[in-house]
Amino acid sequence: MDVPADTDSDSADEQNDVLKTLLEPEVSTSDLVQSVFSQVQTEFTEWNVTHCHQVLTSFTAPSTWRSRLHPDLRSPTLASITAIPNPSLDARPALQGVDFASPLVSQEVYASDGAVIEVSSVKPDIIYLTSSLEPHPPYESCSPLHRSVFHGDDSDNMNFIPYADDNTFHRDNHTFHYDSFSWQDTFDPDLEVIVLEAVYRLLIQHALTHDDIEGCNVLPLKLRSRSGIPGLLSITRRRDRLHWAGNTIPTSYTFPPPTWSEGSDFGNRLKTLNSLFCPNLSCVEPLCSVHGVQYSMSRNPMRSHPPLSHILGEITSPCRNQCFMNDKIKEASPSWGEADLDVFRVISEISPNTTPCDLAQLCLKPCYEVILSTEARTKVEAKSGVLLLEVAVLINDPCHHTGPCNSSTGCPCFKNQSHCQRHCRCSPECIRRWKGCHCSSARSKWGCVTEKCPCVEARRECDPELCMDCSCMWVSPNAPDDTPCRNSQIQRGVQKKLEVKRSSWGLGTFLVEAAKAGDLITEYVGEMVYEPTVESRADLATHRNRCYVFGLNNTLSLDATYAGNLSRFIDHSDEERGTANSQAQVQLVNGDHRIGIFAIRDMEAGSQVLMNYGSQFFVE
Ligand SMILES: C[S@@+](CC[C@H](N)C(=O)[O-])C[C@H]1O[C@@H](n2cnc3c(N)ncnc32)[C@H](O)[C@@H]1O
């Protein structure tokens, strides 16, 4: 009979398993992760050496590249043409001896195995070009921009040595601005492939969880995203996978989003999401490159928890969600889970002014429970004595604090002696806020033109949210005769058509259409960079004898060398050289400093735009 025999073998197997487990040393999760990672690393390195060798060899064999062509192109009629150099009567020495009177082009026809099966020659018609096509002088490439972008500082890594073949460039001095070469410590894309394969094997073959893998801190890359830095698993959803020999990840496999046992994932996800949107309230664009890290919410050190009494003072009537203001407040502590507490902590950290009534809605909890948690939190914080960091106030840094904008609250606008901005977080009634103007286009031809307009006087463009009488935002289609406010040209983007042509100093900017005195010709845009970057880039500017930097203040400049618009080609002129017909004006436009180039007299179409660079430009 089979049954007892099977039972015997089953129990024998079980015994063997138990024995095996007892004899095998227990492998810790860290050791397992380390060994799988090392194994994949070895496999990848072996594959990589062979693969690179194959690719390099393929460059040397004429038949190999042909086999990579589309099958339709692998016909025996494929030809290679060897052209005899175009002669020039100024006969460069290297070409002497070539019979330029009867040049020939030889044509070889290959079989699919690479053998030459036919050689013929053709006598081409030659058109001699004289000096009409002179090479354009070398220029640096420049990405087109329509708004200035915040760049901050260049990396401390040098991508390559500029002008390496030009002995007149002082490259030793230039390298002092950098710490290392890019290849020395930039990220390695192979590492992503290796870690990903290791993670897959650990998840599928060894049944580990994301927490197990991340928790032992062995892998050189993090799986989970942290406050704005994407983790490996989110990166892999955005890039193609490499097909390599050791890969076991099926093409159709998608890595599941990591599920983390700890409760703070909500905070991390919110911070990551937060960092995608510009916190400048006049902007709020996703992935904004204009305001950059200047306004990063996650590092705003001004945020603090206001006293509970202050928040409660703002509540005038009870909410409908078992409000703490009703007498029925239960004294028992709320029994909240870790996830509930996480949501509560994160929301009250991000928005410390939120009232318990609003928090209750966001946390999906009764209001009276929220106030008990708030009181508990306030007590803990009072004990730990949280310190506020002091930071240097950046240009236009919006204020964000509780209480009035004065010395008692350390308001940065008060310290700066500036008005509170549109995107400051103080109340709309704050007395420091700019109030706009009341100029009416009906009263004068252009409305806000002279310094009688407080906005013009303060070098601010009119603000469509404050200046209600001057049509500064747009001209209504229902009232097309409305004259748009003259002091809002930059924000409305009413620029002149321009072209770039040769000028006396390289290239220059020319008007395609006429401009009237006071018209905005264009906006000077570029990368906003800090002083160390201006200095490191200055060596290159000096060497090429072209500089595109516009100083904004002691710390920040606008550089149009690598990103800009046609305004970067505007040349300099002053009374001695000819007359400048335009001038640059820094204006505060809805909270941002922007540089408009305005016509200072009427200009005809075709005229070159010239402005005075100022007394320091050529001195430095
Ligand atoms: C902002 S760029 C102007 C565009 C520049 N012409 C070009 O080809 O890129 C400034 C540079 O132009 C040159 N430049 C402009 N106006 C000049 C002038 N009046 N005299 C001498 N050089 C001038 C200088 O080399 C200066 O560094």
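Alanine 207 is located in the loop that links α6 (189-204) to α7 (210-215). In this predicted model, the phi angle of alanine 207 is near 50°, a positive value in a residue other than glycine. Most residues other than glycine have a negative phi. Alanine 207 has 8 C-beta neighbours inside 10 Å and therefore counts as exposed. A positive phi, near 60°, is also found at asparagine 217, again a residue other than glycine. Asparagine 217 belongs to the loop between α7 and α8 (232-236). Because asparagine 217 has 9 C-beta neighbours inside 10 Å, it counts as exposed.

The chain as a whole contains 17 helices and 18 strands. Of its 620 residues, 22% are buried. Among contacts in the chain with a separation of 6 or more, 64% are accounted for by residues 24 or more positions apart.

An open sheet is formed by four strands in the order β5-β11-β13-β12, with mixed pairing. The edge positions are taken by β5 (149-152) and β12 (549-551); each has a single partner strand, so one side of each is left without a neighbour in the sheet. On average, and with direction ignored, neighbouring strands of this sheet are turned by 30° against each other. The pairing of β12 with β13 (residues 556-559) is antiparallel and extends over three bridges. Within this pairing, glycine 551 has serine 557 of β13 as its bridge partner. Helix α17 (residues 531-544) packs on the sheet, where it touches β11 (527-530), β12 and β13. The direction of α17 makes about 100° with that of β11.

A further strand pairing involves β10 and β17, which run antiparallel and are joined by four bridges.

The largest nonpolar core comprises 27 residues, of which Ile521, Tyr524, Leu558, Ala560 and Ile570 touch the most other members. Two or more residues of this core are given by each of β10 (520-524), β11, β12, β17 (592-599) and β18 (610-611). For isoleucine 570, the contacts beyond its neighbours within four places in sequence are with Thr509, Ile597, Val609, Leu610 and Met611. A second, separate core has 18 residues, including Phe44, Val195, Leu196 and Leu233.

The ligand is surrounded by 15 residues, the closest being Trp505, Gly506, Leu507, Asp571 and His572. At least two residues of this shell are supplied by each of β9 (506-511) and β15 (571-572). The greatest contribution comes from β9, with three residues. By residue class, the shell around the ligand consists of five nonpolar, six polar and four charged residues.

How values were computed
Residues numbered from 1 in each chain as written. Predicted model: local features only at pLDDT ≥ 70, side-chain atom pairs only at ≥ 80, totals over all residues. Near = placed C-beta within 6 Å. Nonpolar A, V, L, I, M, F, W, Y, C, P; charged D, E, K, R; others polar. Pairing = 2+ DSSP bridges. Axes fitted to C-alpha atoms, helices over the stretch in contact; angles between N-to-C directions. Contact = placed C-beta atoms within 7 Å. Core = buried A, V, L, I, M, F, W, Y, C linked by C-beta atoms within 7 Å. Buried ≥ 20, exposed ≤ 12 C-beta atoms within 10 Å, placed from the backbone.
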